Amino acid sequence: MEVNRAEEGDGTFSDLHDQLATLALRTDGKLRSFLRRFERDPQLVDDLVQDVYVEVLKSLRNFGGRSCLESWIFGVAQNVGRQHVAKAVAHRARFVDMEDGPDDTRGAPDVLHIVALQQRLRLVDQKMRAMPEALSSTFEAYIEEGLTYEQAAKSLRIPIGTVRSRIFRVRELVQDC
């Protein structure tokens, strides 16, 4: 990625902008699916997609090129999604009407659901960070990059059976979350 050269003004910024626009068009569907894990309302998902790209543009100079740009964008999306859930929990918690007494549970299931979701996300995140590199790179190719088993096998230069077994092991690792 030519972020540094673009900042120096050698004419590559428009190329970088074009690359991001192309990547946005190519990943829009996957990004929306990914963000639906954090929000079900389609209009709010649209807002989250926009928030992701705003954050990407603001943070672009922090992209060091240690991963592919698409993976980095999905990392940004994960952070945006987590922040959205945290804000939703705080917002809903403020509007639970405590004057109605303990028998009134209006709003409580939503808050409990979101708190449970946050806990599950933390567990999945912990397990994902702790898994071996071979498993995480295969999972990233399959899930985050949206590759088929065959494409992931070619990309990682491993047999397709290895891709299948690694994806199976990742699913087993996070199944109890």
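Arg157 is exposed, at 77% relative accessible area (exposed means over 50%, buried under 20%, partly exposed in between, with a 1.4 Å probe and protein chains only). Arg157 sits in the loop between α7 and α8. Its phi is near 60°, a positive value in a residue other than glycine. Most residues other than glycine have a negative phi.

This is a predicted model, where local features need pLDDT of at least 70, side-chain atom pairs count only at pLDDT 80 or more, and totals for chains, interfaces and linings use all residues. Residues are numbered from 1 along each chain as its sequence is written, and side-chain values use heavy atoms, with hydrogens and water left out. Helices are DSSP runs of H or I with at least four residues, numbered from the N terminus.

Now take the helices on either side of that loop. Helix α7 covers residues 149-156 and helix α8 residues 160-174. They pack at an angle of about 110°, with axes 8 Å apart. Axes are lines fitted to C-alpha atoms over the stretch in contact, and angles run from 0 to 180 degrees between N-to-C directions. α7 and α8 are therefore roughly perpendicular (65 to 115 degrees). From α7, Tyr149, Glu150, Ala152 and Ala153 make the contact (heavy atoms within 4.5 Å). α8 answers with Ile160, Val163, Arg164, Ile167 and Arg171. By class, 6 of these residues are nonpolar, none polar and 3 charged (Ala, Val, Leu, Ile, Met, Phe, Trp, Tyr, Cys and Pro count as nonpolar, Asp, Glu, Lys and Arg as charged, the others, Gly among them, as polar).

Which residues of α8 are buried? They are Val163, Arg166, Ile167 and Val170. Seen down the axis of α8, they fall within an arc of 100°, so they line one face of the helix. The arc is taken from the directions from the helix axis to the C-beta atoms.

A further helix, α6 (residues 133-144), also packs on α8, at about 100° with axes 9 Å apart. That makes α6 roughly perpendicular to α8. Ala134, Leu135, Thr138, Phe139 and Tyr142 of α6 meet Val163, Arg166, Ile167, Arg169, Val170, Arg171 and Leu173 of α8. This contact has 8 nonpolar, 1 polar and 3 charged residues. Within α6, the buried residues are Leu135, Ser136, Thr138, Phe139 and Ala141. After α6 comes Gly146, with a positive phi near 70°.

Methods: Helix = DSSP H or I, 4+ residues; strand = E, 2+ residues; numbered from the N terminus. Parallel < 35°, antiparallel > 145°, perpendicular 65-115°, else oblique.
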